[in-house]
Amino acid sequence: VQGPASRLNAQTLERTVRRYSVISPVRYSVVWKPPTSPVDTDRDKTRLEQLFSSYISLGTMQISVMRPKSESLVRGYATVTLSDENEAQNAISGLHDKTDLMGTQALSVERKLQCSVVCNAKIYDVLEEKFRDVLEDLRRGRTNSVKVDPIRAKSGKTVYFKVSGHDVGEVARAKSRLHEVMRPDTVAHEDPAITSRLFDKLGLDFIHTVRNQVKGVHIDVDRRTFTVSLYGKDVPRLAAKKLISDYLDSLTEHNPREISLTDSGKPAGVMKALLNKYGLNLDGLKDATDAKTIRLDMRKHLLVIQESDETFNKVKEVVEECAREILERKGRSYQGGGEEDSEDCSVCWFPVEGKDYRLQCCGHRYCHECVKFQLTSAITDQEFPIKCAAEGCNREFFLRDLRLLLNQAEFIQLVKASLNSFVNKSAGRYRPCPSPDCPSVYRAVTEEEGEGQVFQ
């Protein structure tokens, strides 16, 4: 409107438009062209702090003043972020459309809600088409009151959806739509022990094979919660899920059987010899015998195998061969134990060799290599708490033991594995933060505690 009378206000403008026009604007504002003098943002910020501070009692406030564009008829813009919703609403009611607060022009104060939805970039890439459909649907909405902008982080690993709007319900619905797209399809076996085998080396190798075989799907493996999540369009996602489900079903074809490493005829040290020869996870033994999985119980000196008779016998033969090699190397005098005056390691039950270590918690003696094996096995299998392996001793390792035996990287791995084990055993009482790459844990509030209880 050009050349309006100085007394023109929003109410007069609204009556005039309704009377003489078929247009039905949503909002009316009267904005006077600012004076040519430069805008003093510091002065405006101070004045806004004075105006809003009278409405702030419990929450906090942050103010950012922006210079208007040269072609704008608005004197200035400011974003005032308040932490308390009720105080923000009171400030809007008290300041909106009031004149003589910052010059003669009426002050326009509107609520703008902002939030972010975080998405892993790999998930976004396989679901990009679905995200575009949702964003287009939101833009075509009746009110068009929500704005959603996807922004890829500089690292390229994360995509942030910046959601903003004036209506709480519309913003909440927009967030819900985005979360619905990101909801994964999970795959698991009814027996948690079978599902956990997806997280050993062979299982992870199989998932890697599925990733390469099925395009257009992202498979997320979360060791914190022992869950495998699949993202993508229906066809590739369901194809990948079927492959993984079939793999889990194949693991249940045979009953688990045990091979003792300490029964009659075997010398002490068989377990240690197998670990030294085939690695901590016995991956070399799996390769040599074509076994899909072999689990070692270090406390009971048992190999637990769930394979066909042929594969089971192959593993058994390797164990027998290892026992024969020890007897040939050390002599039959070591069969069933070491010399009477020697002190055996609490893990391998063999006379301590090389560098030794005595636990701070109980004083039992270990081969340094064996106690390291025990700690690394606990990290891999998430078996906590870690206790002394000596017969009849169940003392838990001291923190000092862990720090003396592990380097910093290994210690961090152990802490993470311990936390994951604690969460998984809590039956949903404690849960990992759902945000990507966040190591935090929160406690779920029970009905008895009631709403509003916070755990930090």
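Let's start with a term: a residue is called buried when its relative accessible area is under 20%, exposed when that area is over 50%, and partly exposed in between. Keep that in mind while you look at the salt bridges in this predicted model. The count comes to 24 of them, and here are a few to find in the structure.

**Glutamate 410 and lysine 372**
- These two residues pair up in a salt bridge, with their closest N and O atoms 2.9 Å apart.
- Glutamate 410 sits in helix 14 (residues 408–424) and lysine 372 in helix 12 (residues 368–381), so the bridge ties together parts that are 38 residues apart in sequence.
- Glutamate 410 has a relative accessible area of 22%, which means that it counts as partly exposed.

**Lysine 266 and glutamate 320**
- Here the closest N and O atoms of the salt bridge are 3.5 Å apart.
- The bridge links distant parts of the chain, 54 residues apart: lysine 266 is in the loop between strand 9 (257–260) and helix 9 (270–278), while glutamate 320 belongs to helix 11 (residues 309–330).
- Lysine 266 is buried, at 7% relative accessible area, whereas glutamate 320 is partly exposed, at 27%.

**Glutamate 317 and arginine 324**
- Their side chains also meet in a salt bridge, with 3.0 Å from N to O.
- Both ends are partly exposed: glutamate 317 has 44% relative accessibility, and arginine 324 has 35%.

**A whole network**
- Salt bridges can join up, too: Glu136, Asp137, Arg139, Arg140 and Arg177 are linked in a network of them.

Notes:
Residues numbered from 1 in each chain as written. Predicted model: local features only at pLDDT ≥ 70, side-chain atom pairs only at ≥ 80, totals over all residues. Heavy atoms only, no water. Salt bridge = Lys/Arg side-chain N within 4 Å of Asp/Glu carboxyl O. Helix = DSSP H or I, 4+ residues; strand = E, 2+ residues; numbered from the N terminus. Buried < 20%, exposed > 50% of the residue type's maximum accessible area, 1.4 Å probe, protein only.
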